[in-house]
Structures are given as C-alpha cells and as structure tokens.
Amino acid sequence: MTKTKILFICLGNICRSPMAEFYMKDLVCREGCADRFEIASAATSDEERGNPVYPPARRKMAEHGIDCSGKTARRMTKADYDDYDLLICMDHSNLRNMERICGGDPEGKMKMLLDYTDRPGSVADPWYTGDFEATWRDVEAGCTGLFRSLTE
Ligand code: 4NP
C-alpha cells in the first residue's frame, strides 16, 4: 500500500508546523489509519535549525494529550518536493518561500492548511501574539478538513 506523505511547513518549524504535524499524527492514530500516512514538518528558514518545539506550543499540545518530544527543526529542501505528496504551509509568505526553494510547484502539491476549511487564509501566527490557543483552533480545523479530503 502506498502511503500519503504530508510535509507541514512554516517559517521556523518550532510552532505552527510541528503543531500541525503532531495533531495530524494523533488524528490518524485515533482514526485507526496511521499506517496509511507518513507525516513530518519542516521550516522555510534556517533560524531554528536543531531546536525543539517551542515550549508554549508544546504545552498547548500537552493540554490535549499530545506529546511533541523528539522533534527538532529542520529546513526543507528541494528534494522534499519529490519526496512528499503534499507540502502544506501556514501562510502566504511560507508559500512564496516554498516556491522559491523548490523552483515552483509544477505538480500542484503546495497548499495552505486553511484551504481545507470554509475559512481559507493564514493559520494564526503565535510568534508575536503568544496566542497558542488561536493556533490550536486553526490547526485542528485545517487538519480535520485535510483528513476528510484524503479519506472521503
Ligand atoms: P513558526 O514560528 O514559523 O510557527 O515555527 C516562528 C518561529 C521562529 C521565528 C518566527 C516564527 N523567528 O523569527 O525566528
């Protein structure tokens, strides 16, 4: 069976994209179909390379029983474009950076997470606001919609 390979992308890979990665991993486990997916996350920048998930993001996930330990930030590469089926980012700036890194999106693999909801746009960025609850809500809505789109 071929797995659907999903790479979530944000600027630093310490807040939004790991929250989406670990939310989605938990969701496919709960739905009993973890074996059908390969899920990871990466950054468009090298700013946070090697760093663990940002503590407030980790705490927000832990409130919901989801453990993000072990994850460290890495920058995406052009090779990820061939390796993954979907590259799902958090905002328009991520999308421009992904297109630059990959030299475009000839196979139409690049999406924004909230494209999978009835309110497309950017996932709330907690970096300057500290509002990790708003990010949680967006991640939950986006990943739920993404899961439905892949399984219905
Ligand atoms: P993330 O958050 O892209 O959701 O992981 C950020 C992390 C780091 C920075 C900005 C946003 N930064 O400027 O280093």
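## Lys109 and its surroundings

In this predicted model, Lys109 touches Tyr81, Asp82, Tyr84, Asp85, Leu86 and Leu87 when residues up to four places away in sequence are not counted, a contact being heavy atoms within 4.5 Å. Lys109 belongs to the loop between helix 4 (92-102) and strand 4 (110-112), where helices (H or I, at least four residues) and strands (E, at least two) are DSSP runs numbered from the N terminus. With a relative accessible area of 9%, Lys109 is buried; buried means under 20% relative accessible area, exposed over 50%, and partly exposed in between, with a 1.4 Å probe and protein chains only.

Residues are numbered from 1 along each chain as its sequence is written, and side-chain values use heavy atoms, with hydrogens and water left out. Local features need pLDDT of at least 70 and side-chain atom pairs count only at pLDDT 80 or more, while totals for chains, interfaces and linings use all residues.

## Lys71, a buried lysine

Lys71 is placed in the loop between helix 2 (55-63) and helix 3 (78-83). Although Lys71 is buried, it has no salt bridge, and the nearest side chain of opposite charge, that of Glu21, is 4.2 Å away; a salt bridge requires a side-chain nitrogen of Lys or Arg within 4 Å of a carboxyl oxygen of Asp or Glu. Lys and Arg count as positive and Asp and Glu as negative, whereas His and the chain ends are not counted.

The side chain of Lys71 does make a polar contact of 3.0 Å with the side chain of Asn13, and it reaches the backbone oxygen of Ser41 at 2.9 Å. A polar contact is a pair of N or O atoms within 3.5 Å; within protein, one must be able to donate a hydrogen and the other to accept it, and residues adjacent in sequence count only if both atoms are side-chain atoms.

## Helix 2

The buried residues of helix 2 are Ala57, Lys60 and Met61. Seen down the helix axis, these buried residues fall within an arc of 95°, so they line one face of the helix, the arc being that of the directions from the helix axis to the C-beta atoms. Arg59, Ala62 and Glu63 are exposed on the other side of helix 2, while the cover over its buried residues includes helix 1 (16-30) and helix 6 (132-151).

## Around the ligand

A polar side-chain atom of Arg16 lies 2.8 Å from an oxygen atom of the ligand, and for Glu48 the corresponding distance is 3.2 Å.
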